[in-house]
Amino acid sequence: MNSDLFISRRRARRFAQLLDEANGGRRHHVRSRVDEKLTDLVAVGHQVGDAAPTVEVSAEFRTGLRAMLLATAEREGLGRPAPAATTDQTEKRPAPHRSPLLPAVTARRARARGAILIGIATGAVAVSGISAASENAVPGDALYGMKRSTERAQLALTGSDHSRGQLFLDFARTRLSEAAQLRDDRAGYSGVLDDMDADTRQGVRLLTTAAVQASDRTALDVVDAFVAAQRTAVSELVGDRPRADRDRTEHSLALLGDALERSGALRAAIDCGLPAPNGSDTLGPTPASCPANR
């Protein structure tokens, strides 16, 4: 069995258990290493019930969700009758010994799979609704905490480091949009830029690491495109802001310059055979210089 598939199913089952417990269901006396990673996702479920945003789910989304659930049900074998044994097989093979516990185990597995599907459906609808309701929230708004929880839930549901890196860069773009709206809140402005820089570092680190591990420039292309667009947008924030805000914005611009420089150095290292990195920092691997004779 593919190890990633096994881990994903185990995480989904554990999420279904935690969601059941959070809603007053029976407690499962087990602990899992993924519990901490799923905490934010379970918290989103609670916030959904409290906030109940009035967002209309589009017909296109409903159709896509239904197709996803049907495909998952078919893959998991839900609702599929067991294949009937042929007459010849019945005559040639003795009836297998069945444990009296087998029906109960099978029923539990079916319920677990059903809970997973319900969790997927509920989570998909909830996340889409919350995202639509809170996407324009900024620090200080009632829905801002929900917006950030939704982002953490997205990360929890993202598999590869390449995809997670891209998602972090998307969050950095979102923080930039929020900063542009905070004209009269200097503390909030600085805090949002801190979060933007943290998302930038996380995204760049994941993407540069993926590029080195696969000796592939594709992830570096993502970094370069992000920096080019983000630099222009961050520069527009300087404007007529107070000196302290301008200094803080220049700090973010310097980080983007460092990210572009790191991407270029790694690109050169890949071109010359990827010498062993000197180590790593918040932007990912720090490449060694290419040999002069190459």
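Reader: How many salt bridges does the structure hold?
Author: The structure, which is a predicted model, holds 16 salt bridges.

Reader: Which residues are linked in a network of them?
Author: Salt bridges join K147, R148, E151, R175, E178, D195 and D199 into a network. Within it, R148 pairs with E151, and their closest N and O atoms are 3.3 Å apart; both residues lie in helix α6, three residues apart, which is about one turn of the helix.

Reader: And are R148 and E151 buried or exposed?
Author: Both R148 and E151 are buried. Ten of the 13 residues of α6 are buried, so this helix is largely enclosed by the rest of the structure; among the buried ones are Y144, M146 and K147.

Reader: What about R262, which residue does its side chain meet in a salt bridge?
Author: The side chain of R262 meets that of D281, at 2.8 Å from N to O. This pair links distant parts of the chain, since R262 belongs to helix α10 and D281 to strand β1, 19 residues apart. R262 counts as buried because its relative accessibility is 14%, under the 20% cut-off, whereas D281, at 36%, counts as partly exposed.

Reader: Switching to packing, at what angle do α9 and α10 pack?
Author: Helix α9 (residues 218–238) and helix α10 (residues 243–271) pack at an angle of about 160°, with their axes 10 Å apart. Angles over 145 degrees count as roughly antiparallel, and α9 and α10 are therefore roughly antiparallel to each other. Their crossing is left-handed, and the contact of α9 with α10 has 13 nonpolar, six polar and six charged residues.

Definitions and conventions. Residues numbered from 1 in each chain as written. Predicted model: local features only at pLDDT ≥ 70, side-chain atom pairs only at ≥ 80, totals over all residues. Heavy atoms only, no water. Buried < 20%, exposed > 50% of the residue type's maximum accessible area, 1.4 Å probe, protein only. Helix = DSSP H or I, 4+ residues; strand = E, 2+ residues; numbered from the N terminus. Axes fitted to C-alpha atoms, helices over the stretch in contact; angles between N-to-C directions. Parallel < 35°, antiparallel > 145°, perpendicular 65-115°, else oblique. Left-handed = near helix turned anticlockwise from the far one by under 90°. Nonpolar A, V, L, I, M, F, W, Y, C, P; charged D, E, K, R; others polar. Salt bridge = Lys/Arg side-chain N within 4 Å of Asp/Glu carboxyl O.
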